[in-house]
Amino acid sequence: MPQLPSDDDDDAPEGLLHVVIGEDPPDRLDKALVREVPEEAALSRSRLMKMIAEGKVLKGGVPVTDPKTRVTEGERFELVILAEEDLQTLPENIPLDVIWEDGDLIVVNKPVGMVVHPAPGSYTGTLVNALLFHCGDTLSGVGGAKRPGIVHRIDKDTSGLLVVAKSDRAHHGLAAQFEKHTVNRHYVALVHGSPSAADPRLRGVKGVSFETGGILRIATHLARHRTDRQRQAVVWNEGRHAITRARVVEEYGLPPVASLVDCWLETGRTHQIRVHMAHAGHGLIGDQTYGGKRRVAPKAVGEAAAELANTFPRQALHAATLGFTHPVTGEELQFEAPLPADMAALVEALRNAG
């Protein structure tokens, strides 16, 4: 299977994970492992500490049980990874907003706060739990017990459209389209400021350019942050290439202190839009991870709208459009999902303040 386009972490694999300590490492084994363990392993700091204590971190086949062990660049460690719990993913009667469904696939509008598939810390209440109840045993088994039918994902606190495979033939066909980047995915975001080709600052940001029609293009590589494994970072000589395009739909304030932006993906990397817009200096409103401390000024949009923007509890991001070729019938399908209530209310407040 090709790697899933993702905004979430993969489950930890079972078996042996080889880790090489990179340059300028932290002075302790535990801190170094937190930095170096691949994100897709989804190993929390507490789980890594437990593995060290249990002798599941090896060097040359010998357990290293002291988390304070000094490490050096180039050292190799093996992590013995076993499933923490053999938990069965069970059907749960959770309402779903079904946009489309046939015998091969289902398209749903995921609400804010719902995790896509079970993972450490979120074994219940996920989209998969809801799908197992709704679809019964008709979901594709390609994704395994914890990810049946899951072809792509979005963040827990991002709302919007997802397509899920109900048959194996649909799963393989959809995965191929995501791998080839032929799936049409547009996200609506509320960002600080307004990206403009007339902004001289943007012309000096590496990886940022403008195409015909004022379309912002951001092209970088993305990799796990060196010191914070929960974040992604823009890099240039490692990681995976990522390309985002964006177009300003509406501006709020004069000069603009916020804008509604249509973003579309050429690639699908973890947190891609959030990282890229922050790199361009236009982080998403409400994004506690990448948005920084920037605030919307009350004098630009009024006290009420500014308060709503500055206390927005999540990244203001919605997967609004999803288009693809039906992997079985060949029909061209495109779906749209309206803004969720919280983003719609923020847009309305900012719009009326202008």
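**Figure 1. Ring pairs link Trp100, Phe324 and Phe335 into a cluster.** The model shown here is predicted. A search of the whole structure finds two aromatic pairs. In one, the ring centres of tryptophan 100 and phenylalanine 335 lie 5.7 Å apart. Their planes meet at 55°, so this pair is tilted. Tryptophan 100 belongs to strand S5 (residues 98–101), and phenylalanine 335 to strand S15 (residues 332–336). The pair links distant parts of the chain, 235 residues apart. Is phenylalanine 335 buried or exposed? Its relative accessibility is 8%, so phenylalanine 335 counts as buried. Tryptophan 100, at 27%, counts as partly exposed.

**Figure 2. Phenylalanine 324 pairs with phenylalanine 335.** The two ring centres are 6.1 Å apart. The planes stand at 40°, so this pair is tilted. Phenylalanine 324 sits in strand S14 (residues 317–325), and phenylalanine 335 in strand S15. Eleven residues separate them in the chain. Both phenylalanine 324 and phenylalanine 335 are buried.

**Figure 3. Helix H3 (residues 127–135) is mostly covered.** How many of its nine residues are buried? The count is seven. They are Leu127, Val128, Asn129, Ala130, Leu131, Leu132 and Cys135. What covers these buried residues? The cover includes S5, strand S6 (105–110) and strand S7 (159–165). S5 is also the strand that holds tryptophan 100.

**Figure 4. A cis peptide bond joins leucine 254 and proline 255.** Omega of this bond is about -5°. Most peptide bonds are trans. Where is proline 255 found? Look in the loop between strand S12 (240–252) and strand S13 (258–265).

**Figure 5. Aspartate 24 has a positive phi.** The value is near 50°, in a residue other than glycine. Most residues other than glycine have a negative phi. Aspartate 24 lies in the loop between strand S1 (15–20) and helix H1 (29–36). Its relative accessibility is 66%, so aspartate 24 counts as exposed.

**Figure 6. Histidine 181 also has a positive phi, though it is not a glycine.** Here phi is about 60°. The loop that holds histidine 181 runs between helix H4 (168–179) and strand S8 (184–192). With a relative accessible area of 33%, histidine 181 is partly exposed.

**Figure 7. Glycine 292 sits in the loop between helix H6 (272–279) and helix H7 (298–301).** Glycine 292 counts as exposed, at 61% relative accessibility. Find alanine 278 as well: glycine 292 and alanine 278 are 14 residues apart in sequence. In space, the two C-alpha atoms are 8.4 Å apart.

Figure 8. The C-alpha atoms fill a box of roughly 65 × 50 × 35 Å, taken along the principal axes. Buried residues make up 49% of the 354 residues. Now take the contacts between residues at least 6 apart in sequence: 68% of them join residues at least 24 apart. The protein exposes about 16,200 Å², and carbon and sulfur atoms supply 51% of that area. The protein has 39 positive and 47 negative charges, and the mean positions of the two groups are 6 Å apart.

How values were computed:
Residues numbered from 1 in each chain as written. Predicted model: local features only at pLDDT ≥ 70, side-chain atom pairs only at ≥ 80, totals over all residues. Heavy atoms only, no water. Buried < 20%, exposed > 50% of the residue type's maximum accessible area, 1.4 Å probe, protein only. Contact = heavy atoms within 4.5 Å. Areas by Shrake-Rupley, 256 points an atom, 1.4 Å probe, with all protein chains shown as cover. Lys, Arg positive; Asp, Glu negative; His and termini not counted. Charge placed at Lys NZ, Arg CZ, Asp CG, Glu CD. Phe/Tyr/Trp six-rings, centres within 6.5 Å; stacked < 30°, edge-to-face > 60°. Helix = DSSP H or I, 4+ residues; strand = E, 2+ residues; numbered from the N terminus.
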